[in-house]
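Subject: Structure handover

Hello,

Please find the structure below. My notes on what was found in it follow.

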Amino acid sequence: MKQIFLKIPTIKTPMQLDSLTMQTYILGAIAGVVFLVIAILIAKAIKFEGGSNPKDPGKRRLWFWVLLFASFIAFFLYNMYFVTPTISPNLQSKFMTPNIIASSIALGVYFVVGQLLAFIFSTGKLGNWKLFSR
Amino acid sequence: MATEKYFVIGIGGTGMRCIEAFTHLCAIGMFDNKEIDILSIDTDTNNGNKSRSEQLIDTYIRIKGGAQGKPTANSFFTAKLNIYKFAPEYSGNRLTYELISGLNTGSDSVKKDNKALSDLFFDDDVQKFKLDHGYRAQTHLGSHLMYHCIVEAAKNVLKGGQRKEDLELAAFLDKIYLAGENARVFILGSIFGGTGASSIPIIPKALRDAVRIKDKNAEIHPSAKFGCSLLSEYFSFKVPDGAQKKEQKIIADSNNFSLNSQAALMFYQADATVKKTYKLMYHIGWPKRANFSEGDTATKTITGGGEQKNPCHISELFCACAAYDFFNRVEGLEQHDIVFRSANFQNESFLFEFQDFLGEDKAKEFMNKLGTFLAFSHIIINAEKGGFGQNGAENLVKKFKEFNIPDYINLGVNDAKDIDDFVKAFAFNYDTKGNVIPGWIFQIRQSVDGPFLFQTDAFSTNQKQLKDFHFGKLFTQNEYQFATGWRGDPYGLFRDTIQKDTSVKPSPEKQKVERLNERFLAHTYNTLTKLFKILSN
């Protein structure tokens, strides 16, 4: 943390960069799960509505998509502003692609696990996330 | 008890409202495994209360599947009801006593003798007023004419007459005759001066004589049991002014209700025939009168017809409870008795508890059934938007399909609409301006000062407050509430339970439900019963 605030680069060699890249990919997956947990909490908090045209399924779907893109954007910005400064300037440009890939992993994990949960709990609140339904 | 046959006769405007209360008691499921034949009698065929009650019963019968319906148990709408509608013909050349009696027919001497005899019993105005709005508190005339019209109906049917009302009365009489000694007949009506007061003393004899006229070898079994409500005055209405009295000549005056009740009670106490006929008479009263003309800007007293649509009152529910007691009683039917019940009364208002209605041993059952039906009403009308122009019952049925419970997806739209309509008549509805239209239970609540069985907010007359009402907190006792946590969602918990808990599925053995809509109602009843935990505590 102290290093981040002072922006003292800790990644100085290509080998260290490779190690950081792997960590970032794993963190990306974890970020996807964290955002998914937030999405689950929000979906559960939205109350069921009755009637012939209830609005609650649409609200849950909206939050699913908002958090989907938020997971990518948030993780990308986190890497850009908190991780990249820790890399030596001559190696920073090489971290851009891993950043994009890791953020995509966050989005992908969120989406795949989210759709899996939507099919498993298809008659519950999470079922409203389903992209494809019969 | 299993072979007992049950009959209810509702007479007059008050009798109609008592039948309405009785029907709602059946709808919440208090008459398991029973088939009940109901006869409505009113001289005022266009009476607003009469049409409201009969429409309600017609809706109930459709929900049960019409004539093919069967009694069920441990659910809503368990009793099978059959309705027979009778009204004397008071129109055209039968509009007045004078016309019916043929006082102006025959030779001069015959006419003179007949008039002299009539004048002994009835004033001239009484002989000439129009009967199409009822007997207008002329009970001496009413008793005579009511007996006459029942007996006449039997004669007409014997001669091959096809008047619908006469045929329905005849069909009802046949059922009482066939029931033999197992017949339990309960008569609902008031004693303070209307059609009910006229009819209560003479109905049993009129029915017996009518059966004998239809078939001289038939008779109502001497051991058939009769009971009745003695409902004394509980409301008043706008007193007719001098001009209206002069115009109408004969008109009911609510200032006389107390005197009429007193006279009737004294008569029942002393009359040997009444004592011999009625096993039990349930005396029901109310300490202060509701003003049924409050807020009415009309200058004239309403004498009857479609305009007479008085709000419901808790006294009528007690009359329905009296019928419940009479039908389920095993002891105390050997000899005539007049019974009553009292309730906690403090600071000028009653503090009713569930046990005050059907007794302590039935208190929890009544609490559960009334509460679950009221909660069901909130679900249909508020949660499923039945009160906002949609068919709430149909919306709830569609939810079952979303839950992958396909059992009810073939439930017809008409079936769902009948449930929707009944629930609104029971509880409440909203008009297009956002006002709450009180249904039966709301009107019952409004007739009571002070608290009434449930949370006060359950009966709010503010649309927003009522729409947001948390029906999981319907009961004041914490142990009977559910979904009480932060952001507690009773509708969500109801849906979750119906969807995931297999123990709330309808039980064909215990509930005897076969038809789709009855299985749907049983499923809903089981779910709410489980959530409120009244019967498991």
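In chain B, 24 residues of domain 1 are in contact with 25 residues of domain 2, where contact means that the C-beta atoms of two residues, placed from the backbone, lie within 7 Å. The model is a predicted one: local features need pLDDT of at least 70, side-chain atom pairs count only at pLDDT 80 or more, and totals for chains, interfaces and linings use all residues. Residues are numbered from 1 along each chain as its sequence is written, while chains are lettered from A and ligands numbered from 1 in the order in which they are written.

Domains of chain B

Domain 1 of chain B covers 5-95 + 134-341, and domain 2 of chain B covers 362-532; the bounds come from an automatic or database domain assignment. The centres of the two domains, taken over C-alpha atoms, are separated by 31 Å. On the side of domain 1 of chain B that touches domain 2 of chain B, the elements giving two or more residues are α1 (12-27), α2 (48-63) and α13 (314-328) of chain B. Helices (H or I, at least four residues) and strands (E, at least two) are DSSP runs, numbered from the N terminus. With five residues, α2(B) gives the most to that side of domain 1. The residues on that side of domain 1 divide into 14 nonpolar, eight polar and two charged. For these classes, Ala, Val, Leu, Ile, Met, Phe, Trp, Tyr, Cys and Pro count as nonpolar, Asp, Glu, Lys and Arg as charged, and the others, Gly among them, as polar.

Sheet in chain B

Chain B has an open sheet of seven strands with parallel pairing, in the order β3-β2-β1-β4-β5-β7-β9; two strands pair if DSSP finds at least two bridges between them. At the edges are β3 (80-86) and β9 (337-339) of chain B, each of which pairs on one side only. Neighbouring strands of this sheet are turned against each other by 20 degrees on average, direction ignored. Axes here are lines fitted to C-alpha atoms, for helices over the stretch in contact, and angles run from 0 to 180 degrees between N-to-C directions. Within the sheet, β5 (residues 225-231) and β7 (residues 278-284) of chain B pair in the parallel sense over six bridges. B:Leu230 has B:His283 in β7(B) as its bridge partner.

Helix packing in chain B

Helix α15 (residues 363-383) and helix α17 (residues 413-426) of chain B have axes that come within 10 Å and cross at roughly 115 degrees. The crossing of α15(B) and α17(B) is left-handed, a term used if the near helix is turned anticlockwise from the far one by less than a right angle, with right-handed used if clockwise. From α15(B), B:Phe373, B:Phe376, B:Ser377, B:Ile380 and B:Ile381 meet B:Asp420, B:Val423, B:Lys424 and B:Phe426 of α17(B). By class, this contact has six nonpolar, one polar and two charged residues.

α15(B) also packs with helix α22 (residues 516-532) of chain B, at an angle of about 110 degrees and with the axes 10 Å apart. That makes α15(B) roughly perpendicular to α22(B); angles of 65 to 115 degrees count as roughly perpendicular, under 35 as roughly parallel, over 145 as roughly antiparallel and the rest as oblique. The crossing of α15(B) and α22(B) is right-handed. B:Phe376, which meets α17(B), is also among the α15(B) residues that meet α22(B). The residues of the contact of α15(B) with α22(B) divide into five nonpolar, five polar and no charged.

Chain A

In chain A, the axes of helix α3 (residues 56-83) and helix α5 (residues 96-120) come within 9 Å and cross at roughly 155 degrees. The two helices, α3(A) and α5(A), are therefore roughly antiparallel to each other. Their contact includes A:Phe64, A:Leu68 and A:Phe72 of α3(A), and A:Leu107, A:Tyr110 and A:Phe111 of α5(A). It divides into eleven nonpolar, six polar and no charged residues.

Contact between the chains

Chain B gives 14 residues to the contact and chain A gives seven. On the side of chain B that touches chain A, α20(B) gives the most, with four residues.

Regards
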